[in-house]
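Please read it alongside the sequence and the coordinates.

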Amino acid sequence: MIRVLSNNDDTVEVGSMLALHPRVVEAVWQAVEAFIPPHVARSHPLGCHRRRISDRVCFEGILRRLVTGCSWDVAGRISQAGETTLRRRRDEWVAAGVFDRLVEHALAAYDRIIGLDLSEVAVDGSQHKAPFGGEGTGPNPVDRGKCGWKWSMATDRAGIPIGWEVAGANRNDCVLLDPTLDGVDGRGLLTEIDTLHLDRGYDNGVVHDLVARLGIDDLICSKRRPSGTATGKKTVALGMRWPVERTNSWLSNFGQLRRTTDRFIHQRLAQFALAVALIITVKLIKWADRWNA
């Protein structure tokens, strides 16, 4: 069942079934359609081509696979497009940079309409299953050494992803911090970060040197930080890691991210970018409906 978008319900699972809400699908499709390169029809010597499946049908098949985690075969049956057609169309769009352009468009729209809040930025990783292995996977230390993958993600104060990196599940979070912040820097947002929140696993000299070199002055490597007051009493400042943890939870609700069957990194990055664009779209729709509750 798909729940109706409601701005009053902050506990709604933004990252899962709301992605299949007709308003969300239509909004994302309109953006995707603008980025798809025109199809060049090839002539057949016998003139017996099958009718080309529409891009919209293929998009909905790809979307349903991402959300539910079903196989290409099931997604093809549901969408009436066929497994091979969905795979081929996905590969065409990945090669054309459709998903990369989509997520940049979504981030720009969010920043223009609501505004990214970089006063408190958090980075965290999330490990998941990759039973078929492939490029960029490894033994998962929290899943009895089974094959898995992970992403490292930076989010703004509201939990909007602003940079990410994917790797095998056995890669240390500290190693992925540099490429994650590189993604933030690639969007021109690194210099706007006031405070960076990390968990205690990042609390080491290498991370502190990296953060200092990047020009980030305020670093918190735990959920709480002691601070003094005018009376000399100790208080604690709560860390702002919960937004990234919440967004990791939303992304983990996407079946194909939670248990990926893609064999290549560029395919996983495309799925991740589409999931991020869907989350941002849901946020924007709820923002637009804030006065209609």
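## Burial and overall make-up

Of the chain's 293 residues, 47% count as buried. The model is a predicted one. Its secondary structure comes to ten helices and eight strands. Among contacts with a separation of 6 or more, 65% are between residues 24 or more positions apart.

## The nonpolar core

The largest nonpolar core is made up of 80 residues. Within this core, L251 and F254 have the most contacts. Helix α10, which spans residues 265-288, gives the most to the core, with 13 residues.

L251 also belongs to helix α8 (residues 242-252), where it is buried along with P243, V244, T247, N248, W250 and S252. The buried residues of α8 pack against strands β1 (120-129), β3 (147-155) and β4 (161-168). They also pack against two helices, α9 (255-258) and α10.

Helix α10 contains T281. This residue has a relative accessibility of 12% and counts as buried, because the cut-off is under 20%. Leaving aside residues up to four places away in sequence, T281 touches V24, A27 and V28. T281 and V28 lie 253 residues apart along the chain, yet their C-alpha atoms are separated by 7.2 Å.

## Helices α6 and α7

Helix α6 covers residues 173-186 and helix α7 covers residues 205-213. Their axes come within 10 Å and cross at roughly 10 degrees. Angles under 35 degrees count as roughly parallel, and α6 and α7 are therefore roughly parallel to each other.

On the α6 side the contact is made by C174, L177 and D178. On the α7 side V207, L210 and R213 take part. Sorted by class, the contact of α6 with α7 has four nonpolar and two charged residues, with no polar ones.

Which values of phi do Q80 and R144 take? For Q80, phi is near 60 degrees, a positive value in a residue other than glycine. R144 is likewise not a glycine and has a positive phi of about 55 degrees.

Q80 sits in the loop between α3 (72-79) and α4 (83-95). R144 is placed in the loop between β2 (138-139) and β3. Exposed means over 50% relative accessible area. Q80 is exposed because its relative accessible area is 63%, and R144 is exposed because its value is 71%.

## Cysteines

How many disulfides does the structure hold? The structure has zero disulfides. In general terms, a disulfide is a covalent bond between the sulfur atoms of two cysteines.

C70 has a relative accessibility of 15% and so counts as buried.

Definitions and conventions. Residues numbered from 1 in each chain as written. Predicted model: local features only at pLDDT ≥ 70, side-chain atom pairs only at ≥ 80, totals over all residues. Heavy atoms only, no water. Core = buried A, V, L, I, M, F, W, Y, C linked by side-chain atoms within 4.5 Å. Buried < 20%, exposed > 50% of the residue type's maximum accessible area, 1.4 Å probe, protein only. Helix = DSSP H or I, 4+ residues; strand = E, 2+ residues; numbered from the N terminus. Contact = heavy atoms within 4.5 Å. Disulfide = S-S within 2.5 Å. Axes fitted to C-alpha atoms, helices over the stretch in contact; angles between N-to-C directions. Parallel < 35°, antiparallel > 145°, perpendicular 65-115°, else oblique. Nonpolar A, V, L, I, M, F, W, Y, C, P; charged D, E, K, R; others polar.
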